[in-house]
Amino acid sequence: MSLEVVTELPRHLLSIGDLNHDQALLILDTAEELAKISDAPIKKLPTLRGRTIVNLFYEDSTRTRISFEAAAKRLSADVINFSAKGSSVSKGESLKDTALTLQAMGADAVVLRHPESGAANRLAGWTNGVVINAGDGTHEHPTQALLDAFTIRRHLGSVGSDLKGKHISIVGDVLHSRVARSNVLLLNLLGAKVTLVAPPTLIPVGVESWPVEVSYAIDEVLPEVDAVMMLRVQSERMQNSFFPSTREYSRLFGLNLDRMNLLQKGALILHPGPMNRGLEISAECADGVQSVILEQVANGVSVRMAVLYLLLGGNIGVGS
Amino acid sequence: MSTYLIKDVELVSGEKVEIGIADGVIMELSNKASQSYENILDGSGCIALPGLVDLHTHLREPGREDAETVLTGTRAAARGGYTAVFAMANTDPVADTAGVVEQVVRLGKEAGWCQVFAVGAVTKDLAGESMAELGAMAHSAAQVRVFSDDGKCVSDSQMMRRALEYVRQFDGVVAQHAQDPKLTVNAQMNEGTVSARLGLRGWPAVAEEAIIARDVLLASHVKSRLHICHVSTAGSVDIIRWAKSRGIDVTAEVTPHHLLLSDDLVESYDPKFKVNPPLRSSEDIAALRMGLADGTIDIVATDHAPHPAEDKECEWAGAANGMIGLETALSVVQKTMVDTGLLTWSQVADRMSITPAKIGRAIGQGIALAVGAPANITIYDPSKNKVVVAQEQISKSKNTPFEGIDLPGQVRHVFFQGNPTMISTEMVAR
């Protein structure tokens, strides 16, 4: 296969805000090329042979970790999984010491999942290796947004093109969602229109500075959109009075059969997982023909391969 | 005691004078000294200010001597041109008894870099539940007049009312850290467009303003003296302006960092910008400057809050709140208020020395330079410029938010009760 890198990526992937339009497209197009590997009988490329990638996870997220692990292994990298759950803020070894330790062990890249916003930015300041943000607190989750855009484009666009003119709605707990923040930035970068739908308590103060429209009426938005992305709602938000009950939330903002019928034919249903079936999304919607939720999972590997390939592959030659 | 003559220095009035110092007082203040003095100091290009008084300093001793001690903190104060500081009560143990406040004052005397006044806690252990023995602290050798749970808000309305009333018997003042605790659970930064983007939990302006509004009404009702610590929002300035127009006995302070730095700096996620109350928007900064200029905000106070490196070299949410500020305060005020034409040097003397001493009842401090006055003097050269380097700060902790910023001005000589603590920008060995 031949991939000519014409656009340099930034050193780290911490935020979608670090990318420009061409860089985002490069990742999506590279992912399309690499997806072909996944369909080949031998699912492996030698590109990252001899490089070490550490999955540093301060939060449980089996699906994201496995996705990164599969991506790294298909590129022949050595993968070390480091689960540091429970040793978060002010307990145990500091993030800085962990970063220095991993560097001393020769990690070429660190994939970081952390419960605090900005942890990946901090890590990047303490290590010479590449840092990939795999979700930091309520800040961002850039590879999730990239795989979402990749999935949407596969159905509604084509390789080499962006999402200009498409209308995507993001529904749910935007306030606490790193998936929403990354998606708002990326979808806007790719030319799509974004409408956020949530109760006002789950929309951040300051949203007026975002390139989005905001609605509290899901039934008015659904007929207009090309894709709807349902966000996971944590039931503990109820205890803090963000909404009165999960039943009321489900009635007002959940995607169910009646609401699915409001969607245009061909409009997509996405969810970053894990789903609360019966809360933000009903089983009929999650498993229906318009759902691309399982494709998102499959595409995650291709997109993460592309990110690793572009961030690390471009550096081959240093020390080799 | 040695005698000193400072030549060619300007008073805040613009008048050029020679200042003769002997026996702890200003002996002469005239265009040509009539006596002879042992030491002659150059004051050319400099302004003579009454020694600065900081109403809000965290010296960390007892308890967190790894961050700062009374000795290191007062030395940093002297370097910044201060001759008096008020040591905040949130030490470990808390300064909520006569024993602790007397210890802090004694350590200050032994260090000798500037005068230390102790702030007493309003409630036992800063817990907000029962009143500390305010009278015992007031009548102790420390003679406490300022009471504050700073770091925490006296959020219970009844407790605040009682404290305001009670301190009247010894001419005390309650200095409130205005922060509604329920509105700021786990709050990380100013709530607004930057927090929305960064995914950091917001500390809304209303959490400060609602407490200030309540407290000025309480102070009015019980006819007591109220001081508001580190005002940070435009709305707070409006409420205080309204309260003063009604004759309510309220004073307020603003910190140098809130006059200069805005919340977009948090984009870096570098906890050196983490502080409570948080850095606000540029609109807030403009309102704070106007408030300080028109007298709505009475004084500048540093909220000097030292923290060791490990408390800042971590994730944002895990980092401690606070910034050091004693050594840079006067320069920041020059940059934000004097060089912008908002304050004269005479007004700077008022807001950084005379009025803070008055609010804190700091006897012997904050006295305008005059023959016979105590020789607490700061000689400041506003023409020098310097880029701040954290490691050059002499505070035990280096958590300055101003690193890399070009600040004007340099303190040249400082006299504390007639003794030099700094001569020609060098600390004087004690």
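Chain A is assigned two domains: domain 1 covers 16-140 + 299-313, and domain 2 covers 142-297. Those bounds come from an automatic or database domain assignment. This is a predicted model, in which local features need pLDDT of at least 70, side-chain atom pairs count only at pLDDT 80 or more, and totals for chains, interfaces and linings use all residues. Residues are numbered from 1 along each chain as its sequence is written, and chains are lettered from A in the order in which they are written.

The C-alpha centres of domain 1 and domain 2 of chain A lie 25 Å apart. Between these domains of chain A, 25 residues of domain 1 are in contact with 25 residues of domain 2; contact means C-beta atoms, placed from the backbone, within 7 Å. On the domain 1 side, H1(A) gives the largest share, 8 residues.

Now the two chains. Here 16 residues of chain B are in contact with 21 residues of chain A. Helix H5 (residues 193-198) of chain B supplies the largest share of the chain B side, 4 residues. Helices here are DSSP runs of H or I, at least four residues, numbered from the N terminus.

Last, the core. Which residues touch the most other members of the largest nonpolar core? They are A:Val228, A:Leu308 and B:Ala118, out of 238 residues. Such a core is a set of buried Ala, Val, Leu, Ile, Met, Phe, Trp, Tyr and Cys residues joined through C-beta atoms within 7 Å, buried meaning 20 or more other C-beta atoms within 10 Å of a residue's own. H12(A) gives the most to this core, 11 residues. Both domain 1 and domain 2 of chain A give residues to this core, so it lies between them.

Terms used: Contact = placed C-beta atoms within 7 Å. Helix = DSSP H or I, 4+ residues; strand = E, 2+ residues; numbered from the N terminus. Buried ≥ 20, exposed ≤ 12 C-beta atoms within 10 Å, placed from the backbone.
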